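Look at the sequence and the model together.

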Amino acid sequence: MIQASVRWLSAEQAMRMARARELDPKEVVKAHLDAIDRFEGQIHAYIHVDRHATSTNGVTLAVKDSMPVKGMPYTYATPSWRDRIADEDAVPVARARQAGMAILGKTNLPELAAAIGTTNTLFPPTQNPWRQGITPGGSSGGSGAAVAAGMCSVALGGDTGGSIRIPASCCGVVGLRPTPDRIPSEEVDVTVLQSRGPMTRSVADARLLFSVMTATPREPAEPKRPRRVGVAYEGAHPACQDACRRAASALQHAGHEVEQIAWNPGPVTEGYGTVRRASMASFPADLSTFGPGIQKLAAEGRSLTAMDYFHAFESATDAANRAVAVPLQTRYDFLLTPTLGLPPMEIEKVPPFLGEEWARYVQFVLPVSFARTPAISIPAGLHDGLPIGVQLVGRFAREYELLDFAEELERMSGFGFQRPPEVDG
């Protein structure tokens, strides 16, 4: 098999071929290292690559640098931890290693994972594999770019306010945000919103990686039946609305019942501003070493009172539950929205974290985070040559059910991963 083909193998395909001895797992590692040699200089997805990584099952994994991998840098993209090396694996990384995956390296992120782009003061900005100068999204932008560029089989990201789904949409890959704590974390998360999850080129690979990292067997798929889907897209850019309408139409033609629902993200984005400032202030690092934007937000976080935090969290959660959790508990099987309120933009135009344009950008991902329900971003074609994604939201801790439904949409015309032409060689 030629190396270009090996590079784009799905994790499922590679594992099946490795088991049948039709593929040497070393070929996959070599193909991805060669792709890194060819394209990393223009994309800057990785902050560290292990050139001695080994796999026994034919799958390579890239890990966001907000999670520890033993013996690798663990910087969180902040100068405070520039020289920090992890002395143990995060639990999902250890499980992936035990399953035979090669841990290929650490991927780039914004400082303290606090941005919707992927720039920081330690490493070059990560570029979108679809076009130079365009953001890959954030904060798991390095992971999304590595997957989209064929520089790994699958990747691990983290999502508090959309940080898996945003880059999945921008890079044209699949990104699953599981219910918080379904994939273990060694971090203390003061927001209680954080979720670790897979970024892949297919829903099948997201299911595979989720199964490995949660140490749960795949639940049997339920018999296909008509589902009731609530849809919201008002307030999004026309291209994002169009992607959502196409998804709704495709599902309707497949026999599912689709209804429009109300969506009021304002109280959620406002409350998150307080919650996220508090979380940045809680990092056990020297504030004076943070970049100017993060330093200002963290300082504001340190001035907050416990009641400030409580009221902000309560208000945001109440609004999110009304928009997301209650409809899923009482009427709908799934919700459908654009993943983002705006298409991918130039790196220089990425809106400041927690600002007004940022709020428009995250208006569909953030309420889902506060509702603590699982969600997945599915590629939904291109606008002006750049990817657009749609978000499917499922019921609490029902990830396998959500993945099965997402796979149904992925198989429909106009949806699913496409190789970026700039790196498809």
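The buried residues of helix α11 pack against α9 (266-281), β9 (334-338), α13 (366-371) and β11 (386-393). The structure is a predicted model, in which local features need pLDDT of at least 70 and side-chain atom pairs count only at pLDDT 80 or more, while totals for chains, interfaces and linings use all residues. Residues are numbered from 1 along each chain as its sequence is written, and side-chain values use heavy atoms, with hydrogens and water left out.

Some terms come first. Helices (H or I, at least four residues) and strands (E, at least two) are DSSP runs, numbered from the N terminus. Buried means under 20% relative accessible area, exposed over 50%, and partly exposed in between, with a 1.4 Å probe and protein chains only.

Helix α11 covers residues 306-330 and bends by about 50° at N321. The bend at a residue is the angle between axes fitted to the seven residues ending there and the seven starting there. Which residues of α11 are buried? They are A312, F313, A316, T317, A319, A320, A323, V324, A325, P327 and L328. An α-helix has 3.6 residues a turn, so residues three or four places apart point the same way.

Take A319, which lies in helix α11. A319 counts as buried because its relative accessibility is 11%. Leaving aside neighbours within four places in sequence, A319 is in contact (heavy atoms within 4.5 Å) with P267 and V268. The C-alpha atoms of A319 and N264 are separated by 7.3 Å, although the two residues are 55 residues apart along the chain.

Next come the aromatic rings. Rings of Phe, Tyr and Trp (its six-membered ring) pair if their centres lie within 6.5 Å; planes under 30 degrees apart count as stacked, over 60 as edge-to-face and the rest as tilted. By this rule the model has 12 aromatic pairs. In one of them, the rings of F313 and F370 have centres 5.4 Å apart and planes at 55°, so this pair is tilted. The pair links distant parts of the chain, since F313 is in helix α11 and F370 is in helix α13, 57 residues apart. Both F313 and F370 are buried. The rings of F353 and W358 have centres 5.8 Å apart and planes at 70°, so that pair is edge-to-face. F353 counts as buried at 16% relative accessibility, and W358 counts as buried at 3%. Ring pairs link Y272, Y309, F313, F353, W358 and F370 into a cluster.

The cavities remain. On a 1 Å grid over the protein atoms alone, a cavity is a set of points where a 1.4 Å probe fits but cannot get out, and lining residues have an atom within 4 Å of a point. There are 2 cavities of 30 Å³ or more. The largest cavity has a volume of about 40 Å³, and its lining includes W130, G172 and Q418. Strand β10 (residues 375-383) gives the most to this lining, with 4 residues.

The second largest cavity also has a volume of about 40 Å³. Its lining residues include S169, C170, P387, I388 and G389. The elements that give two or more residues to this lining are α6 (165-171) and β11. The largest share, 3 residues, comes from β11.

Methods. On a 1 Å grid over the protein atoms alone, a cavity is a set of points where a 1.4 Å probe fits but cannot get out, and a pocket is an open set with protein on both sides within 12 Å along at least five of seven lines; lining residues have an atom within 4 Å of a point. Grid points are joined across faces, edges and corners, and a volume is the space filled by probe spheres set on the points.
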